[in-house]
Amino acid sequence: MTLKTTVIGAYPKIGEGLDGQELRRALHRHDRGEIGDADLDKVFDEVTRATIGEIEAAGVETINDGQIRWDDLLAPFARSWSGVEAGPLERFYDNNTYYRQPVITGPISTEGRSFVRDFTFARGVAKARLKAAVPGPLTFATLTARDDHYRSLEERVLAVADAIGKEIAGLSAAGAHLIDIEDPAVVAAPRHIELAREAYRRLAGRGHALALVTYFLPPDAVLESLASFPVGVVGIDVRSRDTTAFERLDAFRTQYLLLGVVDARNTRLETAEEVAGYAERALKLVPEERLVLATTTSLEYLPRDVARAKLAALVGGARLVTGEKVIA
Amino acid sequence: MTDNLLLTTTVGSFGKPEYLTKARAQAARGKLGATELEELERKATAEWIRRQEEIGLDVLVDGEMYRGDMVAYFAERLEGFKIGGLVRSYGNRYYHKPVIAGKVARPTPMTVSWFEYAQSLTSKPVKGMLTGPYTLLDWSYNEAYPTRRDAVLALAEIVRDEARDLERAGARYIQIDEPAIHARPEEIEIAIEAMGIVTAGLSAKTISHICYGDFAAIYPQVLDLPVDQLDLAMANYGYRWLELFDRNPFTKELAIGIVDVHAHETETVDVAAEGIRKGLRYVRPEKLWPHPDCGLKTRTVEECVEKCVAVVEATKVVRKELAKVPA
């Protein structure tokens, strides 16, 4: 039995060489009105296809579509839902990467089919198990720049949760067996943990397989709380800061633990041995069948060649733990 | 006398003229030589010095015609750095994120000749412009130093040497930008310690520009940053940072951003003037410096001029009001 592996979030959209930059060029041409939406869509699809191929080729067990169409975690949803717009730029947590802050102008609503087309396309391309993703309600609500409609953070979080719930239902109906809910605010703003729990109760009632994925900070302030969230998988980042998480992993009694061990925000490359070392520390308190090794967050924080090397380190580390031979 | 009240300035970068943008692209593809490129950079610098004088700004900048990115420019000139691959900052914008791959060192001064050139073109003071050690680290990948603090302190010595060289070359104002300072609020002590290394012994007025991020998370600790003036984006934030000064009074000079730099449209003079008046509730006019929120490099030359004119005209309005009020 090989230790399971997965990726999180977005994959680099362009590579180094000129032939790796189709999407960048197409977006420029689209901006200048030289190509239409259909041409741009074709490029998005091709880059998505190549990305899926690259992640599969690395040997990752559960893959995603690399979120090639997303310019950040929130904007695609803010643009798709009514009652929200993608507003001014702001720095995304402690990254030199920027996102459009949601601006809420009225009641949020969605049919929940915003990403069904993209997921269906990716599913048609993927050979490996493909998961979907949505932003977490606490992250969306706390990173909102302005809210002209809801009267409190609590109201906003729950309204966003309801919209996310609809998207989850749509993705699930389209065949997503697992949906990542990327919610870094749960660890970045731990004071709202009980509010987050209430939001996840609304999402969980629907019976879909959900992964609450946190990143950028270790879960130290909320680890035991996360272990009682109504989700099947919890993702934690054990690399971005010092953490006591490794000594407390027995808190996860039933959930799968998605352990972010390959640092997706630094070019320094982990060896397979180093990755295996993190896994072995976790295995002291979590059984092998419930442990999944992952990158700490989106690999898009790295250049594409480094992202590819990080995937190799991840998979190499996972194979090392179970004694499989690593092929360099 | 209101001459020394509300001195106007800018944050550092201006939009590049089209001929320079093209030339830089050609140079990047190896189709234009370094000497030819530098000639155009000098031409654009001279144009910006003249424009700033015409607009009536008080303390000038060289406009950074020779820089692309505020971290990569230094990384390309320092030993120990590698130029990394392309990563996205937002939308369809990418940059080469530097990698600290070894011990950092400064073979030669990096900004002094540009400062000297710009200052030679004007009798008004020109600011020396540097990127601070914490931002140099935070916006690079660190493969070489065991901890972030180790890397920041090593970079601080380099920035210190550059600042001293600028001062020796005649700079009366030295700006050491730290836009990443609130990336990890728990590391503010490191940024403060590093800035202490940079500014120790300088007699020039020292300034640090901070933008984009949760300023509230580092206030009031940031008042311990050893510089004379903090330079803050305010218009983009609806001046909400000023409210922090109610509880903990602001103790430094304040360069206050009164026009948003990421919008194509410019605020009216009235709106910009109101921004200055808001600042005056907290900082005395001899310590308050009106300017745009941030560097203007993402704007066209015309938009840059428009925004700077709004700053200067708004300042004239408020200076007049101050002249009527007996001190």
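This briefing describes selected sheets, helices, residues and the chain contact of a predicted model. Local features require pLDDT of at least 70 and side-chain atom pairs count only at pLDDT 80 or more, whereas totals for chains, interfaces and linings use all residues. Residues are numbered from 1 along each chain as its sequence is written, and chains are lettered from A and ligands numbered from 1 in the order in which they are written. Helices (H or I, at least four residues) and strands (E, at least two) are DSSP runs, numbered from the N terminus.

**Six-stranded sheet of chain B**

- In chain B, six strands form an open sheet with parallel pairing, in the order 5-7-8-9-10-11; two strands pair if DSSP finds at least two bridges between them.
- The edges are strand 5 (128-131) and strand 11 (288-292) of chain B; each has a single partner strand, so one side of each lacks a neighbour in the sheet.
- On average, neighbouring strands of this sheet are turned by 25° against each other, direction ignored.
- Strand 5 of chain B runs parallel to strand 7 (residues 173-177) of chain B, and four bridges join them.
- Within this pair, B:Gly128 has B:Ile174 in strand 7 of chain B as its bridge partner.
- Strands of a sheet pair through backbone hydrogen bonds, either parallel or antiparallel.

**Three-stranded sheet of chain B**

- A further open sheet of chain B has three strands in the order 1-4-6, with mixed pairing.
- Strand 1 (79-82) and strand 6 of chain B are at its edges, each with a single partner strand, so one side of each is without a neighbour in the sheet.
- Strand 4 (residues 99-105) and strand 6 of chain B run parallel and are joined by two bridges, with B:Tyr141 in strand 6 as the bridge partner of B:Val99.

**Helix 6 of chain B**

- Helix 6 (residues 148-168) of chain B lies across strand 5 and strand 7 of chain B, at about 160° to strand 7.
- Helix 6 of chain B also lies across strand 4 and strand 6 of chain B, at about 45° to strand 4.
- Axes are lines fitted to C-alpha atoms, for helices over the stretch in contact, and angles run from 0 to 180 degrees between N-to-C directions.

**Contact between the chains**

- Chain B has 21 residues in contact with 24 residues of chain A; residues are in contact if their C-beta atoms, placed from the backbone, lie within 7 Å.
- Strand 2 (86-90) and strand 6 (141-142) of chain B each supply at least two residues of the side that touches chain A.
- Strand 2 of chain B gives the most to this side, with five residues.
- The residues of this side of chain B comprise ten nonpolar, eight polar and three charged. Ala, Val, Leu, Ile, Met, Phe, Trp, Tyr, Cys and Pro count as nonpolar, Asp, Glu, Lys and Arg as charged, and the others, Gly among them, as polar.

**Helix pair of chain A**

- Helix 1 (residues 22-31) and helix 2 (residues 37-57) of chain A have axes that come within 10 Å and cross at roughly 165°.
- That angle makes helix 1 of chain A roughly antiparallel to helix 2 of chain A (over 145 degrees; under 35 is roughly parallel, 65 to 115 roughly perpendicular and the rest oblique).
- A:Glu22, A:Leu23, A:Ala26 and A:His30 in helix 1 meet A:Leu40, A:Val43, A:Glu46 and A:Val47 in helix 2.
- The residues of this helix contact divide into five nonpolar, one polar and two charged.

**Strand 11 of chain A**

- Seven of the seven residues of strand 11 (residues 256-262) of chain A are buried, so this strand is largely enclosed by the rest of the structure. A residue is buried if 20 or more other C-beta atoms lie within 10 Å of its own, exposed if 12 or fewer, and partly exposed in between; C-beta atoms are placed from the backbone.
- Strand 10 (residues 233-237) of chain A pairs with strand 11 in the parallel sense over five bridges, and A:Leu257 in strand 11 is the bridge partner of A:Val234.
- Strand 11 of chain A also pairs with strand 12 (residues 291-295) of chain A in the parallel sense over five bridges, where A:Leu258 stands opposite A:Val292.

**Individual residues**

- B:Ile188 lies in helix 7 (residues 188-199) of chain B and is partly exposed, with 19 other C-beta atoms within 10 Å.
- Not counting residues up to four places away in sequence, B:Ile188 touches B:Ile181, B:Ile218, B:Gln221 and B:Val222.
- A:Leu153 is in helix 6 (residues 153-173) of chain A and counts as partly exposed, with 16 C-beta neighbours inside 10 Å.

Note on methods:
Two residues are in contact if their C-beta atoms, placed from the backbone, lie within 7 Å.
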